[in-house]
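Welcome, and thanks for bringing this one along. Let's look at it together, one question at a time.

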Amino acid sequence: MYVPKESQPKQGQGAASKKDGKRKMVAQNKKARHDYLIMDTYEAGIVLTGTEVKSLRQGRASLADAFVQVDGHEAWLHNAHIPEYSQGTWTNHAVRRKRKLLLHREEIDKLEAKSQETGHTIVTLALYFKDGRAKAEIALAKGKKEYDKRQTLREQQDRRDSDRAIAAAKRRQRARER
């Protein structure tokens, strides 16, 4: 069977290439979206040791207390819990060490200026692998008041109720047409 040259995979790439741009989620901080109003999100690379990467590939991490701090024009991830690698030896990493985030200079400057303002902070939303590299999704966020959290939950519930009502009406409509 003849296959045109432009549709053949390039050398070194199979049908299922690693460079497909899909995210393999490791950990999420769902509570951050509840507690904070997300203003702007960024994707940052993370400087990790070998055992940290292996532990992340096993899907083991927690972002419950994680936050980002800009120190000396560098962004650092604090309190992210990456447990020790089970087959690691004396080369294992410290579980809650601070890890450097890789961002562009303009992004770091913007985050540093905004985080100085009252009520603003930088939170970690997710850890994932993209194209085989560990990434962190961080966000510039502003803390929500208690009434804002209740209002958000009420809006979500109302949206769910309306979606259910619309789906039920569509089902009834289809049943009548038969």
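Q: How many residues lie between β3 and β4 in their hairpin?
A: This is a predicted model, in which local features need pLDDT of at least 70, side-chain atom pairs count only at pLDDT 80 or more, and totals for chains, interfaces and linings use all residues. Residues are numbered from 1 along each chain as its sequence is written, and side-chain values use heavy atoms, with hydrogens and water left out. Helices (H or I, at least four residues) and strands (E, at least two) are DSSP runs, numbered from the N terminus, and two strands pair if DSSP finds at least two bridges between them. In the turn of the β3-β4 hairpin, G72 has a positive phi of about 60°, and the number of residues between the two strands is two.

Q: Which residue of β4 stands opposite Q69?
A: Strand β3 (residues 67-71) runs antiparallel to β4, and five bridges join them. Strand β4 (residues 74-78) is mostly covered, with four of its five residues buried. Opposite Q69 in this strand stands W76.

Q: Which residue lies over the face of W76?
A: A charge sits over a ring if NZ of Lys or CZ of Arg is within 6 Å of the ring centre and within 35 degrees of the ring normal. Over the face of W76, at 4.6 Å from the ring centre, is K98.

Q: What is the bridge partner of A75 in β5?
A: Besides β3, strand β4 also has β5 (residues 99-102) as a partner. β4 and β5 pair in the antiparallel sense over three bridges. The partner of A75 in β5 is L101.

Q: How many of the eleven residues of β6 are buried?
A: On one side of the pairings, β1 (residues 23-28) runs antiparallel to β6 and is joined to it by five bridges, with M25 opposite Y128. β6 and β7 also pair in the antiparallel sense, over ten bridges, and there L127 stands opposite A136. β6 is largely enclosed by the rest of the structure, because its count of buried residues is nine.

Q: What is the phi of D131?
A: D131 is found in the loop between β6 (120-130) and β7 (133-143), where these strands form a hairpin with two residues between them. D131 is partly exposed, with a relative accessible area of 30%. Although D131 is not a glycine, its phi is positive, at about 55°.

Q: Is L63 buried or exposed?
A: L63 lies in the loop between α2 (50-57) and β3. Contact means heavy atoms within 4.5 Å, and, not counting residues up to four places away in sequence, L63 touches A27, Q28, N29, A80, T124, L125, A126 and L127. L63 and A126 are 63 residues apart in sequence, yet 7.5 Å apart in space, C-alpha to C-alpha. At 2% relative accessibility, L63 counts as buried.

Q: Which ring has the charged end of R57 over it?
A: The charged end of R57 sits 4.2 Å from the centre of the ring in question. That ring belongs to F129.

Q: What percentage of the residues of the protein count as buried?
A: The secondary structure comes to four helices and seven strands, and from the N terminus on the elements run β-α-β-α-β-β-β-α-β-β-α. Among contacts between residues at least 6 apart in sequence, 68% join residues at least 24 apart. Of the 178 residues of the protein, the buried share is 30%.

Technical notes:
Buried < 20%, exposed > 50% of the residue type's maximum accessible area, 1.4 Å probe, protein only.
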